[in-house]
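Welcome! Take a moment to look over the structure shown below, and then we can walk through it together.

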Amino acid sequence: MTKKAVSALAANMTVEEAPSAETKPQSAPQGMRKNGKQWHAPRKAFRPTAGLTSFEQREKKRLALSVMKAKEKEMKEEKEAERQQRVQKIKDKRAAKEEKERYAKMAEKMHKKRVERLKRKEKRNKLLNS
């Protein structure tokens with residue numbers, strides 16, 4: 001075909017008839033690879049600006065990340081506070097149990113009234129010291 005015929009055909013074609021990149025099948029086989037490793041995915045051209053995002057998008061992402069981190073930190077602190085309360089409750093129970101056992105041991109040796117007086121005296125001292 002001559003140049004005139006090609007230009008005449010191109011002029012007669014409408015936008016819908018014009019071949020476009022979208023109509024080509026993208027997953028057409030490329031043929032055999034030179035290195036023989038057909039199981040690898042085909043590589044794409046390196047585009048250094050492909051992964052760049054705008055400053056506003058990066059700022060939004062940073063803000064969302066900081067909000068999420070703050071929420072996580074708050075949740076962790078709540079969980080740790082609950083754990084510390086349970087630990088403190090267990091320690092208080094153990095201390096009360098030991099004190100009760102100590103007074104029971106003293107009651108075996110001493111008179112009941114004297115043990116009660118000692119209890120009151122120790123409670124006063126404990127309140128003064130704390």
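## The largest pocket

Let's begin with the residues around an open space. The largest pocket is lined by Gln30, Gly31, Met32, Arg33, Gln38, His40, Ala41, Pro42, Arg43 and Lys44. Keep in mind that this is a predicted model.

How much space lies in the largest pocket? It is about 240 Å³. The lining of this pocket brings together three nonpolar, four polar and three charged residues.

## The chain as a whole

Which share of the 130 residues in the chain is buried? Buried residues make up 2%.

## Where two helices meet

Next, find helix α2, which spans residues 55-109, and helix α3, which spans residues 112-129. The two pack at an angle of about 145°, and their axes are 10 Å apart. The crossing of α2 past α3 is right-handed.

Which residues make the contact? From α2 come Glu99, Arg102, Tyr103, Met106 and Ala107, while α3 brings Val115, Leu118, Lys119, Glu122 and Lys126. Sorted by kind, the residues of this contact of α2 with α3 are five nonpolar and five charged, with no polar ones.

Methods. Residues numbered from 1 in each chain as written. Predicted model: local features only at pLDDT ≥ 70, side-chain atom pairs only at ≥ 80, totals over all residues. Heavy atoms only, no water. Axes fitted to C-alpha atoms, helices over the stretch in contact; angles between N-to-C directions. Helix = DSSP H or I, 4+ residues; strand = E, 2+ residues; numbered from the N terminus. Left-handed = near helix turned anticlockwise from the far one by under 90°. Contact = heavy atoms within 4.5 Å. Nonpolar A, V, L, I, M, F, W, Y, C, P; charged D, E, K, R; others polar. 1 Å grid on protein atoms, 1.4 Å probe; cavity = no way out; pocket = protein on both sides within 12 Å on 5 of 7 lines; lining within 4 Å. Points joined across faces, edges and corners; volume = space filled by probe spheres on them. Buried < 20%, exposed > 50% of the residue type's maximum accessible area, 1.4 Å probe, protein only.
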